[in-house]
Amino acid sequence: MKIFRGLRHPGIAPGCALTIGNFDGVHRGHQAMLALLNNEAAHRGVPSSVMTFEPHPRDYFATVLNKPDLAPPRVSTFRDKLAELARCGVGQCIVMPFNQALASQPPQAFIDDVLVRGLSARYVLVGDDFRFGAKRAGDYAMLDAAGMAQGFEVARMQSYEVHGLRVSSTEVRAALAEGRMQDAARLLGRPYSISGRVVHGRKLGRALAETAAGKGDGFRTLNLRFSRRAHAWKPAASGIFVVEVHGLTPEPLAGVANLGVRPSLDPSDVNGGRVLLETHVLDWPAHLGPEGAYGKIIRVDLLHKLHDELRYHSLAALTEGIARDCADARAWLAGRTARI
């Protein structure tokens, strides 16, 4: 999949089949829409294209209005969203910077400047709740009428349901916030996962190893840290999870992970209060060595939530808490194997 930031790139293929949206999570409803888009693109002999926005429009307005609560928790990181779009067979993705110019653009100007002159779109597929332009004034009826007048086809896809439930990013966020990981997986069509490059952390695992003397190698972790930018990723899920790690060995590695801000630690540490996914592999492969994961890109599947983040007031208490989480993770994994 080719990725372009904005419209001013000579490599963007004109005459595309296009869909527009935030695509947070690329859930099963998005996947059905993208399958239809790819089919329509193939019939027309043009590339399938997705237009998405970064930051999320609600992130932008939260910053402008100084109301951080308006920013929605995200299902996926920007990296993961692009990876899922590519996996769905999208030919090109146009990432539009959501800023004052785009936020204030009238709907007809968006059609003229972006869809017609910018992309020469031949086919535009939208969801049943699609709105666009300043103050969300544009709707499907307006887009359809413009397509008839300006020479592009417009289609609308109705909601996608699973067991009578409308699949949406809102429903996925709710499932993740409530720790309903199996429900989230059903809506996503896959386990909820986060990927990134393993970075060096505070080396707390080494201190815990000393605290846990006689109890093995302590609790070394794989750390994925996220941006300090104003529009930093705010995950829909948080807490302690049973996980599987992909990307280090041919088979996934079982582990337990903390997704959040680590409330037991000083906010002035290397993490700086940012969201961190910190994963302890239950049985670390000896051939990887203690430094074998740094710099590598991994994917962590969050399979089951054990509990919310807890505040521990000493390294000894933290060590005991992690040991309990590891035991609970092993028990859950054993139960899953038995159920299979």
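Select glycine 133 to start: you'll find it in the loop between β5 and α6 (140-150), where helices (H or I, at least four residues) and strands (E, at least two) are DSSP runs numbered from the N terminus. This is a predicted model, with local features needing pLDDT of at least 70, side-chain atom pairs counting only at pLDDT 80 or more, and totals for chains, interfaces and linings using all residues. Residues are numbered from 1 along each chain as its sequence is written, and side-chain values use heavy atoms, with hydrogens and water left out.

Glycine 133 counts as partly exposed because its relative accessibility is 24% (buried is under 20% relative accessible area, exposed over 50%, partly exposed in between; 1.4 Å probe, protein chains only). Show its contacts (heavy atoms within 4.5 Å): beyond residues up to four places away in sequence, glycine 133 touches Gln105, Pro106 and Pro107.

Next, pick leucine 176. Along with Tyr192, Leu176 touches the most other members of the largest nonpolar core, which has 34 residues; such a core is a set of buried Ala, Val, Leu, Ile, Met, Phe, Trp, Tyr and Cys residues joined through side-chain atoms within 4.5 Å. Elements giving two or more residues to this core include α7, α8 (181-188) and β9 (192-197), and α8 gives the most, with 4 residues. Leaving aside neighbours within four places in sequence, leucine 176 contacts Val75, Met181, Ala184, Tyr192, Ala236 and Ala237. Apart from this core lies another, of 28 residues, among them Leu119 and Phe130.

Last stop: α1 (residues 28-44). Its buried residues include His30, Met33 and Leu37, and what covers the buried residues of α1 includes β2 (17-20) and α3 (78-87).
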